[in-house]
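Please look over the structure below.

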Amino acid sequence: MENKQLLEIAEQAKENAYVPYSNFHVGAALITKSGKVYTGCNIECASYGGTNCAERTAIFKAVSEGDKDIEAIAIASDNSSKNEITAPCGICRQVIAEFALDIKIILGYSKGDIKEFKIKDLLPHSFTGNDLI
Ligand code: THU
């Protein structure tokens with residue numbers, strides 16, 4: 001699938017964001033190596049630490065369905081239509097890196113500029129499961 005198309009799906013997913021506190025909508029769409037797509041949005045909580053980011057929602061949906069072979073994840077937010085990227089937060093970078101260091105991170109706007117990174121470039125010198133062997 002094209003990066004633009006995965007971003008469009010992320011843009012749709014952000015419509016379900018539950019954001020009564022920040023009013024900042026984020027959507028994510030990931031695709032597995034077998035071509036299945038999982039979406040996620042941010043879900044906030046009055047006890048703020050209970051908030052889950054869009055990226056982790058999508059990843060937890062995929063992994064809980066037994067799909068760990070993630071190829072790429074696209075992220076969209078309310079800033080996307082202003083042609084500003086929203087990059088994954090530190091916690092999400094760590095969770096993405098858990099599943100492979102070469103996962104593609106697609107950022108931007110489907111009708112504007114699209115950037116592509118590898119998670120290993122967004123989280124250099126990462127701590128991973130290999131450190132525990
Ligand atoms: N948020 C995400 O969902 N993903 C990110 O990569 C950055 C931040 C959410 C968490 C919270 O609901 C809101 O954006 C403001 O931080």
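**Salt bridges**

Glu15 and Lys14 are joined through their side chains by a salt bridge (3.8 Å, N to O), that is, a side-chain nitrogen of Lys or Arg within 4 Å of a carboxyl oxygen of Asp or Glu. The model is predicted: local features need pLDDT of at least 70, side-chain atom pairs count only at pLDDT 80 or more, and totals for chains, interfaces and linings use all residues. Residues are numbered from 1 along each chain as its sequence is written, and side-chain values use heavy atoms, with hydrogens and water left out.

- Lys14 is buried, with a relative accessible area of 14%, whereas Glu15 is exposed at 54% (buried is under 20%, exposed over 50%, partly exposed in between, with a 1.4 Å probe and protein chains only).

*Another pair*
- The side chains of Lys104 and Glu116 form a salt bridge (3.9 Å, N to O).
- Lys104 is in strand β4 (residues 104-108) and Glu116 in strand β5 (residues 114-118), 12 residues apart.

*Ligand*
- Glu44 has a polar side-chain atom 2.5 Å from an oxygen atom of the ligand.
- Glu55 likewise has a polar side-chain atom 2.5 Å from a ligand oxygen atom.

Terms used
A polar contact is a pair of N or O atoms within 3.5 Å; within protein, one must be able to donate a hydrogen and the other to accept it, and residues adjacent in sequence count only if both atoms are side-chain atoms. Helices (H or I, at least four residues) and strands (E, at least two) are DSSP runs, numbered from the N terminus.
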